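Please work through each task before reading its solution.

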Amino acid sequence: MATVEELKLRIRELENELIKSKQKQSDAEHHLRPKIDKMSAEVVDSNPYSRLMALKRMGIVQDYELLLFDYDKVELANMNRLFFQPHQAGLSKVEAAEHTLRNINPDVAFETHNYNITTMDNFTHFMNRISHGGLEEGKPVDLVLSCVDNFEARMAINTACNELGQIWMESGVSENAVSGHIQLIIPGETACFACAPPLVVAANIDEKTLKRDGVCAASLPTTMGVVAGLLVQNVLKYLLGFGTVSYYLGYNAMQDFFPSMAMKANPQCDDRHCRRQQDEYKKKEVERPKQEVVQEEEEVVHEDNEWGIELVSEVSEAELQDASGPVPDLPEGITVAYTIPEKDGASGETVEETDQSLEELMAQMRKM
Amino acid sequence: MADEATRKAVSEIPLLKTNSGPRDKELWVQRLREEYLALIKYVENNKAADNDWFRLESNKEGTRWFGKCWYIHELLKYEFDMEFDIPVTYPATAPEVAIPELDGKTAKMYRGGKICLTDHFKPLWARNVPKFGLAHLMALGLGPWLAVEIPDLIAKGIIQHKEQQNS
């Protein structure tokens, strides 16, 4: 006789299957664009890829694959801000995301993993997929994007990318939902996530006026949309090589302020792989031939300039900063979530020296 | 900030020395020994102060921990199972303690029953890496959480006392 739990699980499984088969039906009914066998470069109205293929002719990547990692399930509380739909409630987020995205673009390959990357069991697999899950199996991925909502997951991604020398972009939205940021991290070259305490886009709200009792984080789909747009924009610039890729770009929704900057790696970072990457980067920099930056003076030609309009060079806000010291020297609008004092925090007795083995200590604990 | 009683209890927990996580093989064993030493001392302190409120044990590798915690409210003893994994980035990041049976019963909880700690905890932990360990997590994380949430849940009638428990 099955238990109530087992029956609930079975109902959940059947519901999922029903959702999937309904989706397949509706796909066929709505004549969603079928998978294209061969991507054509021809510029034609009916060719949905003409613009993409124009990029292809410029020598850009031809195929795309997305690996998705998440360990949550879709629920109704997500409907205010994520792109899931109510009928997907109960599915794992990665599964639901794959369905929706595949309908939008059947030519992208997907690989989904519904697990918590911070546990020992899964972390090794996670690292393995980063280093071998590229478009060509066995090669690393081109870019990792972090869209998680907690410090622990970011640290785990940071640890993995430092160890693998994997370039990644981190993104986030604050707990009060009115600020967010994106950050490009190149292990050894830029600050990693552990190089400094978490950066915060200053909200110019008196923290004491924020009511916190009884609530956890707030969320606004609009803030998330902006940050997502900034992130994808930065990804496109990075992958396709146009514009300036921001190392750090903040978004302060209250004042519509977008502070940007770059932060160098911290030679005293707690993560030893970060320090190792920094050494390797320094070696590479020494060996690289110095590129002469040739200033090309462009002649601005106008018949007349009645209004006296001048072209003024844009002063870049980004400054390369050293992250050493208790509070990094940050531009206006960016601060740290907290500071770590240079001298040690708590002082007091440390654990005693003992010859007891781990097994003996475990047994002692059990007997208490 | 933590109240006076919590601060005093924490100051009597020995600090840990080895900065290593579950991926560090030999050094992790050393860290585990220190974790157990600190936990044993903390439990002994609690017993002496007539406030023995939790037990913890781990799997052989020290990566999964589980146990029980108790809270006394109006002379009744409430017992809860708890568990947590050691994250790969420990001790830079603290484990997320979970009380599965309370999942969904309070807003101060994430999915799966992971307790939601106050803003003060993370900076405090970050400032004291690697000296804080699981005993400190109990004293600064789980303890205060129980003290706030359990009376509230009882008052709202969301949890009831099991008949078998006696104070």
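**Exercise 1.** State where Glu74(B) is found and whether Glu74(B) is buried or exposed.

*Solution.* Glu74(B) is found in the loop between strand E2 (64-73) and E3 of chain B; strands (E, at least two residues) are DSSP runs numbered from the N terminus, as are helices (H or I, at least four). Next, Glu74(B) has a positive phi of about 50 degrees although it is not a glycine. Finally, its relative accessible area of 67% makes Glu74(B) exposed (over 50%; buried is under 20%, partly exposed in between, with a 1.4 Å probe and protein chains only). The model is predicted: local features need pLDDT of at least 70, side-chain atom pairs count only at pLDDT 80 or more, and totals for chains, interfaces and linings use all residues. Residues are numbered from 1 along each chain as its sequence is written, chains are lettered from A and ligands numbered from 1 in the order in which they are written, and side-chain values use heavy atoms, leaving out hydrogens and water.

**Exercise 2.** How many salt bridges does the rule find across the interface of chain A and chain B?

*Solution.* The criterion is a side-chain nitrogen of Lys or Arg within 4 Å of a carboxyl oxygen of Asp or Glu. Across the interface, 5 salt bridges are found. Among them, Lys17(B) pairs with Glu353(A), the closest N and O atoms being 2.6 Å apart.
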